[in-house]
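I opened this model to look up a few contacts. My notes follow.

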Amino acid sequence: MPSTRSELPQASPYQLQHQELDSGDTEKGVPQVIVAETSSEDERETLSANRVSYGGVIVDILIAILPLYFVAFAIVGRVRHDTLASSFRNVALVQMAAFNPTIFPILFGLITVRFIKALANYKLEKGATVGSIQHLLGSRSLLSSITTPLKLGLINCLVPCIVLLWILNPIGGQLSLRVVSVASNYTIVPSQILYLDRSAQDFTPVNMPWAPFITAMGSAFNTALFSPSSSKNGTQDVFGNIQIPMIEPLIAKQTADVDGWYTTVGRNISKVEAALLDAIDQPAEVDFIPIYSSLYGLPWTRNDTSTFEQSNIQNTTLTKAERIKSDLFGSDVINTKSTFNIETSYMHLDCSLDAVIIDNKDITEEDYESAVKTSWSNGTDVVTNGQGLTIKYDKSHSMNSTRPRLIGLESWLPATDDTNHLLSGPQLSLSQAWCNMSTTYVEAEVYCSTNSNCTVARLRPSRRDNPSPVLSPFDSITWLKGHDFDPDDESYQRYLNTIAETFFDMFVSATGNASHGVSSLTPLETFFWNPTSPFRQAEEDDSALPLYKLGSELFSQRFTQLVNTYWLSGADPYTMTGGIKLEDQARGTGYTFTDNTAGQISIEKRVLSCHVLFMALLMVISIALCAAGAVTAYLNATRRGPDVLDDFVNSLRHSPYVHVDQGPTMEDGEAKARRLRGTVIRMGDVRPDDPVGYVAIGTPNERQPVHPLNHGRQYI
């Protein structure tokens, strides 16, 4: 039986919309606008539902695996952890890390935007609200992921998830930069330290008055006086010897810690005090400048012959440290730090200084040599330089004494008139000091921040079983340690009986015997007033001042420095100025007695450092990006409908005001845009003759007017 259904084709939605518009225009008396498609539905091209596009899948997969670069980068950084930073691979890694913050955001944005769009297409095919689709399409950056839900009035669990997703972008960029860095690595190497043993060092000229040695001793002492202030007041002298601070000023200004240590950079403060000072932004009190016991420091060197082969060159501290660095790590070492403790001692003089009034009536410079020069002229334990400097050294003091040796010093500086005659009448012209000489034994903690920059960081009284502090090297305590003691030995008896006299007799004339006249002081005396430049001060007669005006405390400190400096110069001037020679020590030659201590060398080298936490986070984010890329590839491969969400041309689909060949309904927006790229469209008033306008996008031509929008017209 034949079908009764009409053979005419059904009207499409596009045609129905046109019919409705035409009927509405007819009722309003508006002339008909002829609208026609360029082809009927029977003539339009047809396409099937999308199938897998292998080319697109390959592109998506290639994009998805790009973040694996950061995974590989993190793994390589971990593998290269703690290796030398100067190696070719590590230099390349550091350079790559500098570019990572630029690369990571690009990859993150590329993958995340494609993932969000693919998810929106998937939800559109499965059925979703307009708000959820618009939310996804509007969340293409961190800022838009926050503002889009606010504009849509949308609140759901997807909103914070997308915001957190975009927050990973800057975090990942910073992680990719900081996962590897160049850091310092420290290797601790034991080291044997040799240093001059003060407690065994004799005053050599007593038993060996050899003329070349005496000359060298005088040169060494005067070199110390000539040395710059940075040497006299620095942590090391000009020859690299370690200066030993006096502990007496430290004890007066500080409180020792629980182990008895005093710091040389200021007073010790507790952790509570330090925290309080830091909280109120108040710097810790540093009111102490170390006062050193001598103008010369303590010679020292490393003795690592058991580990490192010795060279034939002079074995200085700097050379040894450099050889250790080269043998262990080559040129990658940037610094070496040393720490060690030494036991040493120094003579300390506690003086009381005053002036003595003497009547110099009618005494002229010519009469001065025959005049009374000192009130101790009849003593048997008195030495003088013939120019008014006299020292009394207490000959009665011995090993059995229970009090310190008493040292007296007189310095003559009479007042003169313009004719160089001594002024008549009572004059304060004689400075007189009485000093208790003792020996201070200390343990010093030495810290070397570099090969050539060492300092005594802390000081405490020695805990060794030392001789009584009331005894000094003038009581031959150094002989007892440095020699096989025999009380009947002729050399020992000669040394014991002449040590004090020999030392002070040479000491008072150490800066030369040339007469400067009665109105001036020798460089040895002007050192008390001007330690920076004593020889220059001695030449300026008009500026000479008597020593008693100096004050007892300052006089004591500088007298202590002079006595210790001259003792060290006389002990071994060659070692004081040239350093300890290991070859001489091995052969048992030379004049220096040494002690040894175990130290540590901290060798700092630059290595590649991998931060484990940053590495783990970067790998997690990168793997998550790979997963997002893989999901994008799957969603794009399984999508059946056309891609209509991301192209403006899709807004022209089935519009009654756009007179173009619509093409197949399965056509993607990108393909449609390419096909219609030359078509002119406009947003405007498509009903310009109506009382109320109508805004739409159309193709302006004679049959379809599209007038510009006007501020004076209303639109529905």
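**Salt bridges, strands and a patch**

I looked up arginine 114 and found a salt bridge to aspartate 60, with the closest N and O atoms 1.9 Å apart. (A salt bridge is a side-chain nitrogen of Lys or Arg within 4 Å of a carboxyl oxygen of Asp or Glu.) Arginine 114 lies in helix H4 (residues 88–126) and aspartate 60 in helix H2 (residues 54–64), so the pair ties together parts 54 residues apart in sequence. Helices here are DSSP runs of H or I with at least four residues, strands are runs of E with at least two, and both are numbered from the N terminus.

The model is predicted: local features need pLDDT of at least 70, side-chain atom pairs count only at pLDDT 80 or more, and totals for chains, interfaces and linings use all residues. Residues are numbered from 1 along each chain as its sequence is written, and side-chain values use heavy atoms, leaving out hydrogens and water.

Aspartate 60 is buried at 6% relative accessibility, while arginine 114 is partly exposed at 29%. (Buried is under 20% relative accessible area, exposed over 50%, partly exposed in between, with a 1.4 Å probe and protein chains only.)

I then noted the total: the structure holds nine salt bridges. Aspartate 394 and arginine 403 form one at 3.1 Å, N to O. Asp257, Glu445 and Arg458 are linked in a network.

Last, I turned to strands. S1 (residues 180–196) runs antiparallel to S10 (residues 594–610), joined by 17 bridges. (Strands pair if DSSP finds at least two bridges between them.) Tyrosine 195 stands opposite aspartate 595 in S10. In S3, the bridge partner of tyrosine 195 is tryptophan 300.
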